[in-house]
Amino acid sequence: MAKKNKLKTKKSVTKRFKVTATGKILRRPAGQSHFNAKMTGKNRRGKRKLVPVSKAEEKTLKRLMPYK
């Protein structure tokens, strides 16, 4: 009987995204590192929270991290 190969997880993807218990994939919003002084406080606080990934991207990311 042939041994089935395991799929490899892309470690860079697992570090950048979080998978919830229901299977949704969350990411950090873009543009948080600098030029924050010109943003409103509401905008800055909003960027601290994780946001869900689009449905189109979710398919690709699930393939890159098969065991998450």
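Which backbone oxygen does the side chain of Lys47 reach? The views below are taken from a predicted model, in which local features need pLDDT of at least 70, side-chain atom pairs count only at pLDDT 80 or more, and totals for chains, interfaces and linings use all residues. Residues are numbered from 1 along each chain as its sequence is written, and side-chain values use heavy atoms, with hydrogens and water left out.

**View A. Lys47 and the backbone of Ala30.** The side chain of Lys47 reaches the backbone oxygen of Ala30 at 2.9 Å. Lys47 lies in the loop between α2 and β3 (51-52); helices (H or I, at least four residues) and strands (E, at least two) are DSSP runs, numbered from the N terminus. Lys47 is buried and has no salt bridge. Buried means under 20% relative accessible area, exposed over 50%, and partly exposed in between (1.4 Å probe, protein chains only). A salt bridge is a side-chain nitrogen of Lys or Arg within 4 Å of a carboxyl oxygen of Asp or Glu.

**View B. Arg44 and Gly46 in helix α2.** Arg44 belongs to helix α2 (residues 41-46) and is partly exposed, with a relative accessible area of 38%. Gly46 is also placed in helix α2 and counts as partly exposed at 38% relative accessibility. Between the C-alpha atoms of Gly46 and Tyr67, 21 residues apart along the chain, the separation is 30 Å.

**View C. Phe35 in the loop between β2 and α2.** Phe35 occupies the loop between β2 (25-27) and α2. Although not a glycine, Phe35 has a positive phi of about 65 degrees. Phe35 is exposed, with a relative accessible area of 59%.

Note on methods
Lys and Arg count as positive and Asp and Glu as negative; His and the chain ends are not counted. A polar contact is a pair of N or O atoms within 3.5 Å; within protein, one must be able to donate a hydrogen and the other to accept it, and residues adjacent in sequence count only if both atoms are side-chain atoms.
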